[in-house]
Amino acid sequence: MPASREPRASGGAPLRLLHVSSGNLYGGVETLLRTLALARTEQDDGAVHAFALCFEGRIAEELRAAGAPLTLLGPAKVSRPWLVWEARRSLMALLQREAFDAVVCHAAWPQALFGPVVRTAGVPLIFFQHDALSGAHWVERWARVTLPDLALCNSRYTAGTLSSVYPRTPWRVLHPPVRDGGAGLTASERASLRGELGADAADVVIVHASRMQEWKGQRLLLEALGRLRQVPRWKAWFAGGSQRPEETAYEEGLKAQALALGLGDRVRFLGQRSDVPRLLRAAEVHCQPNTGPEPFGLAFVEALYAGLPVVTTALGGPLEIIDASCGVLVPPKPEALALALRGLIENESARRTLGGGGPSRAKALSSPAVFLGALEDAVRSVAREPAA
């Protein structure tokens, strides 16, 4: 590697990190990437975060809007090996052209496709674990071939599954950064948004904001709300659009379920929204009752920042987020969920008490400044010193 390409982990220059991801969907990984891009615009002396994606999409647009360095590697598809080779060549050219102290592959798919390129280029390789691993999926078996220098796990729950793919890789837990959604709505803004979405001042609004995937608990929440038909003065908003055909079919099934339960006038499906922080600040309760373990759960932290009590199931990463100071944990059963929701619908004091504990809890878990410092420490632990 030419001298100008040597990493700069020591000395006065800031660290330079390259984050590699697919870019074709939008979820927790993409939210983290956007947070990193925005953090660079707000901190002049922090690490430089550059990004490499395979596909155009919402996250590519957001990274450009934030002024972040972005390289499109090409639409790599495993079913078309020549596209994978072209994307790999693009990444190698980038690594030869620019000096990075580390490359961070976000999830198993980019680790499998691009880990070997990073290794060949002689740049430290970090695997950011966003999901629980089993070692059984073909992508995970492929990723296992290339060992990272370090794994960063987004929760203690996911860290507990890392050994199924990387049993000897050192690891650290870094809860993902979540930005405070900003100032609350004015009374008129709040009333206007609620009115637009079918809620008046006396309604207790329950909000669920996530992708349309069954394990995210939309169906379970509807089952619980069906048991609360006779309870007055509540409404429910489901924010989140479908990104794949199976998600579209699932969403249509949810709408049919709401009608069958007699909830058609109390439940609104809002589709894909870019104003989730505003929705949260216009609601009273956040409820995402996962039926399977969530790796971490950025939506829960966003709800805590908004001052909402959180009701969720006692599974996976949310156990590291929600405690008795800010929410209610229940088993994944409609009866238990309905009971918890009814208690908050009917008790404004309980909502205020739990909501009041949210912002400090969110900041302690997911402060972007704390995350960025921990990420730089992790990179320095594996960055290679420049040659003498």
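In these legends a residue is called buried when its relative accessible area is under 20%, exposed when over 50% and partly exposed in between (1.4 Å probe, protein chains only), and strands (E, at least two residues) are DSSP runs numbered from the N terminus, as are helices (H or I, at least four). The model is predicted, so that local features need pLDDT of at least 70 and side-chain atom pairs count only at pLDDT 80 or more, whereas totals for chains, interfaces and linings use all residues. Residues are numbered from 1 along each chain as its sequence is written, and side-chain values use heavy atoms, with hydrogens and water left out.

**View 1. Strand E1 and its burial.** Because 6 of the 6 residues of strand E1 (residues 16-21) are buried, the strand is largely enclosed by the rest of the structure. Arg16, Leu18 and Val20 point one way from E1, while Leu17, His19 and Ser21 point the other way.

**View 2. The strand partners of E1.** Strands count as paired if DSSP finds at least two bridges between them. E1 runs parallel to strand E2 (residues 48-53), to which 6 bridges join it, and is also paired in the parallel sense with strand E4 (residues 102-106) over 4 bridges. His19 stands opposite Phe51 in E2 and has Val104 as its bridge partner in E4.

**View 3. The interface of the two domains.** An automatic or database domain assignment divides the protein chain into domain 1 (15-177 + 367-381) and domain 2 (187-365). The contact (heavy atoms within 4.5 Å) takes 18 residues from domain 1 and 17 residues from domain 2.
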